[in-house]
Amino acid sequence: MAAPILRRVRELLKRVDLARVPQRHRHKKKWATTEPKFPASRLALQNFDMTYSVQFGDLWPSIRVSLLSEQKYGALVNNFAAWDHVSARLEQLNARDFVNEAISHWQLESEGGHSATPSPACSPNLRCFTFARGDVSCFPPARLGSLGLMDYYLMDAASLLPVLALGLQPGDTVLDLCAAPGGKTLALLQTGCCCNLAANDLSTSRTGRLQKVLHNYVPQDIRERIQVRVTSLDGRKWGELEGDTYDRVLVDVPCTTDRHSLHEEENNIFQRSRKKERQMLPMLQVQLLSAGLLATKPGGHVVYSTCSLSHLQNEYVVQGAIELLANQYSIEVQVEDLSHFQKLFMNTFCFFPSCQVGELVIPNLMANFGPTYFCRMRRLT
Amino acid sequence: MAALGRQVLDWHRLIPLTWACLGRRTFHFGEQKRTVSLLRKLTTASSGGSLDVVACVGPKKCVQEPECRTNLVQCLPEKRAPVDRVSLEPEEVITSLLDMGFSEAHIKDLLSVQPSASPQQLLSVTSELILLGLNPEPVCVALKKSPQLLRLPVLQMRKRSSYLRKLGLGEGKLKRLLHGCPEVFSMRQQDIDAVVKVLKEKCLFTVQQVTEILHRCPGVLRQDPSELEYQFQYAYFRMGIKHRDIVRTEFLQYSMAKVKQRHIYLERLGRYQTPDKKGQTQIANPLLKDILSISEAEFLARTARSSAEEFEVFKKLLAREEASEEEEESDPSDAEEEEEDEEEEEEKQCGTREAQLSPGAALPLVYRQSLETRGCPYQEGGVIRICPQQSTAVRDQQEPGRDSSSLPQGPSAAFDW
């Protein structure tokens, strides 16, 4: 007797429109109701105040205000789309190609016989537009062109410098050890010099983004011809996997991403839960750079780059890796001087004058690019 | 005739008054038996010292001040006078003005300010101002600057004067107030009330502080009350300036844009820190006078120690940031495009709730820390607290609706966000 009644009741209840609890009233445990009292971005800022005020002294306030303000972008023109039209359009917006400007300026100077500066050996075919110093205009978002490819890629213009410094030459085999999310990898492809390109990143989700970028910007036949290979392996293993293989290697290591850490809360490396990870970063960076060096052919070139201002992640890592290779593998690596390179781009970027090795682009309100550190090395043996 | 008591006090000069305005005044109060005596003191420019102005407002009893000074003017209400007084001859006007202390030159100026105004009108307006404690010279200056004062109905003048007296704004204070805000007499009572109400009830200034503010920053009367409140909240919560200092440094006279530009610039440079709960900072903040009251060039050279071109760029960037934040507030549903539908719906719901809380206000009434945490690091004392592990998956964009639940009830609940 009870069962049919129960069934009836259940049916009735189903029909009654028990109003759904509105979305906003559902308890959502995963979201805090207020912001954390000491968010990771504040921890990051505190950390920077402590270390960089010592490291940079009087320069630190102007770097600090630039880091906390909106950054400036550059537009890397996609050579595989209608780059001449795109360039003309960007010129109309009052932007100019800083790479072209720098190189033509140098050519003028060397023709005038001013000094016997050697050719800075920049990677060719890179076109990147920026607005003038002090101009805070923004680029409109990139659009799909007629060939089904995007017309330009918006990135921090200073991130192009490591690729320029690598000095690709036609026919090079290139390795990008920590490739995602793909800005520098795209730039490597834009030079048109790669015979082979291996792009790797530990994180599979980020490799997915890299694939998307390549898909949107590079036509398929080029990708096939160049044999772009995207992998998600641990970069530290590359010495064993493919030792002595590549002409040019770019090691753009994971770092504290200074600018990003001051603005974004999600996955911020300055979270207390990631403290250990952060403290192990320099060691990870040394390992990655060593692997990159091991993967280079003797006589090949490696560029190490980060987007952090910290000594510990920049010069110390370079010196540490060179020492490691000398001691453990008896491989000689020489740091190459980039001061001529720096002079080329002095008008667009603000460089820190006293780096022991390598070059550091510091953010400044007039040219709010960076921070970017890069150092070029040559494997001698 | 109403039996009006007469207080006989020491006086140096007794001037029989036939002023229309005074006649009307007795008519006002004349109905009931009370001791009404208008006592006004005109101090000469040289005499300093505190003045005790007798306020005679409506049905209140008047306070007598048996002070004797030179040029004591006492009104002796003789008898009830009808409202429409006999029109005064220009000579009578001039004599009255002379009696009030105006010089010949002043009187000439006054008469030329607005020739179309009736002499009676001129007399009533000027006498009101004199009664409020202004000296003849400032009266001339004020009337020359804003001739529209002469066109005001005398009743309104009187009402406003008594209100100002009640607020404690007479004599020298009024001079500055008139200079900074000539429309103090012509603006609507409810507008002034709104401003005073915001200062007293929302910002919790004391009555003396409100008077001081109105005296020193007359422009306050022209501002929108909610903007005023926002400016106060910015000073109190974000910059950590207490009531006393807000009044003393005349903070409310500066435009919000200027305050934000200079303050946020200093903050991002690392040269200004918001004090924590105990009012401490890790660095010595520059004095307010070194931030706001000096010229931009000096500010950049001395306080910010930065270059002019960098500051220009910063101002542009800040303007853009503010514009995009305002856009976000007014249209929160746009902000979360890449998130799942579920979250987007929640955004929209909370967005409308926020709109209900602050209808029509373009500016956030509740100071929302979430929108302005960038570069504002040391609000918790700059000490790394050992706090329990917070949920790390916090969304970037805290929607406004949430924070309003922790609305500070006043400065006492200042840091409980």
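In the predicted model described here, B:C203 has a relative accessibility of 0% and therefore counts as buried, where buried denotes under 20% relative accessible area, exposed over 50% and partly exposed in between (1.4 Å probe, protein chains only). The sulfur of B:C203 lies 13 Å from the closest cysteine sulfur, that of B:C217, which is too far for a bond. A search of the whole structure returns 0 disulfides over all chains, a disulfide being a pair of cysteine sulfur atoms within 2.5 Å. A:C355 is accordingly in no disulfide, the nearest cysteine sulfur, in A:C375, being 9.2 Å away; with 17% relative accessibility, A:C355 also counts as buried.

Residues are numbered from 1 along each chain as its sequence is written, and chains are lettered from A in the order in which they are written. Local features need pLDDT of at least 70, and side-chain atom pairs count only at pLDDT 80 or more, whereas totals for chains, interfaces and linings use all residues; side-chain values use heavy atoms, with hydrogens and water left out.

In chain B, helix α2 (residues 90-100) contains the buried residues B:V93, B:S96, B:L97 and B:M100, helices being DSSP runs of H or I with at least four residues, and strands runs of E with at least two, numbered from the N terminus. Viewed down the axis of α2(B), these buried residues fall within an arc of 100°, so they line one face of the helix, the arc being that of the directions from the helix axis to the C-beta atoms. Just after α2(B), B:G101 adopts a positive phi of about 115°.

Chain A comprises 15 helices and 12 strands, and 54% of its 381 residues are buried.
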